[in-house]
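Student: Could you walk me through this chain one piece at a time? I'd like to see how each answer is reached.

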Amino acid sequence: MAATSVLFMATPVTTTPSSRRTLNFAVVRCMSQSSTDASKTPAAPTPPPPAPKVSTKFSDVLAFGGPAPERINGRLAMIGFVSAMAVELSNGQDVLAQISHGGVPAFVATSLVLSVASLVPLFKGVRAESKSSGLMTSDAELWNGRAAMLGLVALAFTEYVTGSPLV
């Protein structure tokens with residue numbers, strides 16, 4: 001069975017009826033061509049457009065809509081939520097007790113290490129989207145980070161309201 005290709009061609013048409021409105025629409029014509037036609041050669045596939053140049057300026061990387069803030073905050077929230085729940089399960093301390101009993105230096109150290117580790121590739125022009133594939137994608141990381149941010153706030157709020165650890 002010979003394959004056929006279908007070509008659609010749209011031609012814009014403007015009409016002005018006797019009323020005051022102008023109607024704009026397109027006429028679509030359909031033509032089919034058989035691929036067994038030897039006189040025409042298939043067109044070469046067009047190469048994908050070049051990727052836009054990634055800015056590595058400090059102000060662009062750390063801008064409100066830049067790649068760094070949400071990703072770094074999400075990574076910190078994921079680590080914070082898991083560690084807060086682990087300490088709560090092992091010691092029975094709520095989040096506020098963990099912070100007041102020496103949690104601030106650990107938080108600052110973790111924040112610095114994670115921020116630097118996240119910023120180095122961004123300043124080299126490497127984006128997380130270019131390295132993601134399969135199950136662990138950059139979108140999954142963003143969504144997990146958002147969930148961890150909400151979970152950490154909900155955990156602290158629930159423990160504050162109830163006055164006791166969640167677990």
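**A charge over a ring, then the helices**

Tutor: Let's begin with a side-chain contact: arginine 146 has its charged end over the ring of tryptophan 143, 4.6 Å from the ring centre. Keep in mind that this is a predicted model.

Student: How many aromatic pairs are there?

Tutor: Ring centres have to lie within 6.5 Å to pair. By this rule, the count of aromatic pairs is zero.

Student: In what order do the elements run from the N terminus?

Tutor: The chain has five helices and two strands. Reading from the N terminus, the order is β-β-α-α-α-α-α.

Student: What percentage of the chain is buried?

Tutor: A residue counts as buried under 20% relative accessible area. The chain has 167 residues, and the buried share of them is 17%.

Student: Is leucine 89 buried or exposed?

Tutor: Leucine 89 lies in helix H2, and its C-alpha is 9.3 Å from that of proline 165, 76 residues away in sequence. Exposed means over 50%. Leucine 89 has 59% relative accessibility, so it counts as exposed.

Student: Which residues are closest to the centre of the largest pocket?

Tutor: The largest pocket holds about 480 Å³ of space. It is lined by 17 residues, and the closest to its centre are Gly80, Ser83, Ile99, Gly103 and Phe107.

Student: Which element gives the most to that lining?

Tutor: The elements that give two or more residues are H2, helix H3 (95–123) and helix H5 (138–162). With nine residues, the one that gives the most is H3.

Student: How many charged residues are in the lining of the largest pocket?

Tutor: Sort the lining by residue type: eleven are nonpolar and six are polar. The number of charged residues is therefore none, with Asp, Glu, Lys and Arg being the types that count as charged.

Student: What is the reach of H5 from its first C-alpha to its last?

Tutor: H5 has 25 residues, and at 1.5 Å a residue 36 Å is expected. The model comes close to that, with a reach of 36 Å.

Student: Is glutamate 159 buried or exposed?

Tutor: Glutamate 159 is in helix H5, and its C-alpha is 7.5 Å from that of valine 95, 64 residues away in sequence. Its relative accessible area is 4%, so glutamate 159 is buried.

Conventions:
Residues are numbered from 1 along each chain as its sequence is written. This is a predicted model: local features need pLDDT of at least 70, side-chain atom pairs count only at pLDDT 80 or more; totals for chains, interfaces and linings use all residues. Side-chain values use heavy atoms; hydrogens and water are left out. On a 1 Å grid over the protein atoms alone, a cavity is a set of points where a 1.4 Å probe fits but cannot get out, and a pocket is an open set with protein on both sides within 12 Å along at least five of seven lines; lining residues have an atom within 4 Å of a point. Grid points are joined across faces, edges and corners, and a volume is the space filled by probe spheres set on the points. Helices (H or I, at least four residues) and strands (E, at least two) are DSSP runs, numbered from the N terminus. Rings of Phe, Tyr and Trp (its six-membered ring) pair if their centres lie within 6.5 Å; planes under 30 degrees apart count as stacked, over 60 as edge-to-face and the rest as tilted. A charge sits over a ring if NZ of Lys or CZ of Arg is within 6 Å of the ring centre and within 35 degrees of the ring normal. Buried means under 20% relative accessible area, exposed over 50%, partly exposed in between (1.4 Å probe, protein chains only). The expected span of a helix is 1.5 Å times one less than its number of residues.
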